[in-house]
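Welcome! Please take a look at the structure below, and then let us walk through a few of its details together.

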Amino acid sequence: MEGDVYYPSAEVIAQAVLKDWEATAEFARNDLQGFWQKEAEQLEWFEPWEQVLDDSNKPFYKWYVGGKVNITHNAVDRHLKTYRKNKLALIWESEDGKFDRTFSYYSLNREVCRMANIIKAMGIVKGDRVTIYMGRVPEIVFAMLACAKIGAIHSVVFGGFSVDALQGRIADSQSKLVITCDGSLQNGKLVELKRIVDDSLRHCPTVENVIVVKRTAHEVPMEAMRDHWYHDLCALPIANGKCATEVMDAEDPLFILYTSGSTGIPKAIMHTHGGYMVGTYTTLKYVFDISDEDRFWCTADPGWITGHSYIVYGPLLNGATAFMFEGGPSYPYPNRWWQLIERFGISIFYTAPTAIRGLMRFGEAWPNKHDLSSLRLLGSVGEPINPEAWKWFHQVIGKGRCPIMDTWWQTETGAFIITPTPVVPLKPGSGTRPFFGQEAEIVDEEGKPVADGAEGFLVLKNPWPAMMRTIYGDDARYVSAYWTKYPGKYMTGDSARRDADGYYWIIGRVDDVIKVSGHRLGTAEVESALITHPAVAESAAIGLPHEIKGQSIFCYVQLNPGYATSEELSEELRQHVSHHLGPIARPEEVRFIDKLPKTRSGKIMRRVLKARAQGLPEGDVSTLDD
Ligand code: WT7
């Protein structure tokens, strides 16, 4: 093999549940449905499916057609009949480390049932949408599983988003219920989640009730009839620990999750009970080789797809022990994560390149203070990992023993798509090859495959169970955004190249999506936040390379008459975006411009702005409007 290659050790191979990658890949290549049939059979179905895959109405694929199932039944209920009843399902630690909470599968079930009974008592029935806007506390897991249990569709909004983002998502989903916390803690500072909910609900008439989980000690206003403390509801007789699990059709919606695309409002990506369940179960089992003895820690937030699939559903479907930490990597000190790995004996640790780069800065002394010998596998997700960070992670954290699973996937794919398994030789910076049953291709503008080594657009050729089924309420946009440019193929929005060994190297987004510290944001969202400021006539947001964050947001702003450029105004506009959209969207820099470069048809030329911002040649500007 060419380049820098890390082969799996004999010890890793001996432990891996799946030893022969080639044979499994071969089986799935020849019999896609057979592969996914075998996987689905490992889970419990109320009624079996009649057909594994129905592709008669592309791109509206259906999986496990006719099957009856419920993901919560498989993530929680089914374990109660086994020794896992007494096994830890979830371990949680607070940001300040003052307390931890643990839940066996038995107690997790009681918590989920209690929450489910309360949600039902709020009038929520199968198919209703419930918005969940919380910090990283155990109740967010209960809320998601409880919705799924009764057939409600959860729509989790990341707790780092603010009013505009939350309001737009509640309004679009027409949720009747919001579940939130009074606040959350971030680096010791309070984030006023409830206040943000209150502001958002001024324009969301569909919401009838708000459940508030108490996490902090600060006072929050409660609106009579609408707002209810969760601990008060828990004291009611209906909130008991028993609740029947709804029988769902395999293709019934499980959740929607909003994600940013090229233009317009974020897209409500819809996933289903059956296919998503099989997809997350199978990928986690093979890629992270998860077993009963493992303590699996995915550092993401449940508000993103990574948290949905690999904090909540994947680990529980596999009967593993999931660890969830409320805080971030370096508060109060840069050894916080390493301390947790040691204290809780984490065996599989899945995080993001931005976090690794950030922690690298503090030096090896911090991790070296801790015994990290419980680790056996590492993982990376969210953006390309630079080889330098890969090697640091491998050597300093994994002590050269733990393979790194660099998993490429998306909100839309629901589960890993391009990823190694522990027995696959690794190359730092490459997610290696497509998962079983998947075939990827690198194509040019016209959809023709490019030669190995050349850059092009990454497309996927086969359907897979955890794929999104549509954009909720907008089938036409689902077709046009993903399936139209390259007919019959799924357009990922990423550029990539493939090397001579068939390994894929992701380069980055080719659309107007920015990945800031792995968080997916749209330029359109940032621009619409800016435009609500009276000084702003027009603006353009672009993503620029950033050493730690991967990309950072940079904005050009054209002012309205009567406003003068100043340092203060620039700072005010950054604040404005942070306040409206969320601190994660705060631009690194806001610069003023007399006139935005546009094509004659009025499209902002971001390419020109990107070059200009970095002091690079502006390239071909022949299409520029005078
Ligand atoms: C975009 C999807 C589902 C994972 C969390 C992000 C980028 C994701 C990798 C990786 C290189 C990656 C892509 C993709 N991305 N993982 N391992 N290597 N790039 O999900 O927020 O929907 O973002 O994240 O650009 O298109 P998301």
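In this predicted model, α11 (305–317) and β25 (504–509) each contribute at least two residues to the shell around the ligand. Let us start with that shell and then visit some backbone details in the loops.

**Around the ligand**
- The ligand has 17 residues around it, and those that come nearest are Asp406, Thr407, Thr411, Arg509 and Arg520.
- Sorted by class, the shell holds six charged, six nonpolar and five polar residues.

**Polar contacts and cover**
- An N or O atom in the side chain of Thr411 sits 2.5 Å from an oxygen atom of the ligand.
- The backbone takes part too: a polar backbone atom of Glu383 is 3.4 Å from a nitrogen atom of the ligand, and a backbone N or O atom of Pro384 is 3.5 Å from a nitrogen atom of the ligand.
- On its own the ligand would expose 550 Å², and the protein buries 96% of that.

**Cis peptide bonds**
- Lys58 and Pro59 are joined by a cis peptide bond, with omega at about 0 degrees; Pro59 belongs to the loop between β1 (51–54) and β2 (62–65).
- Tyr331 and Pro332 are also linked by a cis peptide bond, and Pro332 lies in the loop between β17 (321–325) and α12 (336–344).

**Positive phi angles**
- Asn187 is not a glycine, yet its phi is positive, about 50 degrees. You can find Asn187 in the loop between β9 (184–186) and β10 (189–191), where it is partly exposed, with a relative accessible area of 42%.
- Lys399 has a positive phi near 50 degrees and sits in the loop between α15 (387–397) and β20 (404–406). Lys399 is partly exposed, at a relative accessible area of 36%.

How values were computed:
Residues are numbered from 1 along each chain as its sequence is written. This is a predicted model: local features need pLDDT of at least 70, side-chain atom pairs count only at pLDDT 80 or more; totals for chains, interfaces and linings use all residues. Side-chain values use heavy atoms; hydrogens and water are left out. A residue is near a molecule or strand if one of its heavy atoms lies within 4 Å of it. A polar contact is a pair of N or O atoms within 3.5 Å; within protein, one must be able to donate a hydrogen and the other to accept it, and residues adjacent in sequence count only if both atoms are side-chain atoms. Accessible areas come from the Shrake-Rupley method with a 1.4 Å probe; for residues, only the protein chains shown count as cover. Helices (H or I, at least four residues) and strands (E, at least two) are DSSP runs, numbered from the N terminus. Ala, Val, Leu, Ile, Met, Phe, Trp, Tyr, Cys and Pro count as nonpolar, Asp, Glu, Lys and Arg as charged, and the others, Gly among them, as polar. Buried means under 20% relative accessible area, exposed over 50%, partly exposed in between (1.4 Å probe, protein chains only).
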